[in-house]
Amino acid sequence: MSGVLLAFYRGVTPQSTAQEKRRNPSVTVSRVPRLRRFLVCEPRHFAVQYAINPWMHPDSPVDVDLAHEQWQALISAYRAHGHTVDTVEPAPGLPDMVFAANSAVVVDGRVFGSLFHAPERRAESTHYDTWFRTAGFDVHRPAAVCEGEGDLVWTGRYMLAGTGFRTTREAHREVQEFFGHPVVSLTLVDPHFYHLDTALFVLDGGPDGNIAYYPEAFSPGSREVLARLYPDAVLATRDDAMTFGLNSVSDGRNVFIAPRAEALAGRLADHGYVPVPVDLSEFQKAGGGIKCCTQEIRS
């Protein structure tokens with residue numbers, strides 16, 4: 001993160017449940033959900049056919065029927081909580097197309113597309129770009145390697161941007177120029193957390209928002225930046241993170257989370273959030289989870 005940005009954010013202190021309770025222990029914070037619009041892709045062709053992260057082992061077969069059942073449970077959970085879900089048609093030969101989050105990042109109706117690091121995934125971008133254009137969006141195609149919401153996490157105020165394994169710092173600069181919002185670069189250091197959305201997620205956005213994250217997934221400097229920006233963040237353990245507990249989706253109240261991340265779910269409940277367990281264990285064989293399967297359309 002640049003010195004200018006660090007100085008700018010040095011005084012930012014998100015208002016969290018913990019702070020409010022310190023000021024007045026009798027205060028009960030009421031979390032209010034915000035209805036979202038999500039884009040997803042059916043796992044019709046989902047498989048582990050190659051290895052581009054430590055989770056992927058082509059010799060471990062995927063139960064496609066179970067994967068589809070789990071994915072449908074996620075869609076049902078979103079709709080049961082009032083969220084809108086759109087779908088893009090899956091394409092044969094693209095087994096990771098189910099991970100819709102990697103396809104783009106959308107802020108204020110503007111779409112910044114993807115350029116995948118792995119050649120095996122690059123054709124996915126064309127299918128998602130076509131969906132967005134057909135839906136009436138203009139799409140910016142990045143010049144640098146960029147994997148959408150996998151590494152770009154919109155907080156409602158600035159973009160947290162991961163690098164180290166996939167998305168490049170050049171893409172961070174490109175994102176800032178495109179959206180006109182400050183970008184805070186964060187370096188990932190553990191290959192198990194190869195995307196930012198495996199190590200961090202936004203609980204609620206805006207100037208008073210908060211996040212949950214696993215500190216050891218980040219370089220020392222990046223940990224310091226996150227501690228300054230979010231002094232009352234919900235911190236996860238390695239066990240939480242390794243069960244894809246941080247690959248979660250929050251609507252500001254309800255947190256759709258991997259059921260095995262029990263400790264993290266407990267801490268979220270202590271902060272006034274409502275954990276909604278959804279098992280996507282079959283997708284973890286490819287290094288993905290709830291957020292990986294979910295692209296948010298912010299119009």
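## Largest pocket

Strand S9 contributes the most to the lining of the largest pocket, namely five residues, strands here being DSSP runs of E with at least two residues, and helices runs of H or I with at least four, numbered from the N terminus. S9 spans 200-204, and at least two lining residues each come from S9, strand S6 (152-154) and strand S12 (249-250). This is a predicted model, in which local features need pLDDT of at least 70 and side-chain atom pairs count only at pLDDT 80 or more, while totals for chains, interfaces and linings use all residues. Residues are numbered from 1 along each chain as its sequence is written, and side-chain values use heavy atoms, with hydrogens and water left out.

The largest pocket holds about 370 Å³ of space. Its lining has 25 residues, of which Arg36, Trp154, Val202, Glu296 and Arg298 are the closest to its centre. A pocket is an open set of points on a 1 Å grid over the protein atoms alone, where a 1.4 Å probe fits, with protein on both sides within 12 Å along at least five of seven lines, and lining residues have an atom within 4 Å of a point; the volume is the space filled by probe spheres set on the points, which are joined across faces, edges and corners.

## Three-stranded sheet

An open sheet with mixed pairing runs in the order S2-S1-S15, two strands being paired if DSSP finds at least two bridges between them. Its edge strands, S2 (84-88) and S15 (295-296), each pair on one side only. S1 (residues 37-41) pairs with S15 in the antiparallel sense over two bridges, and leucine 39 stands opposite glutamine 295 in S15.
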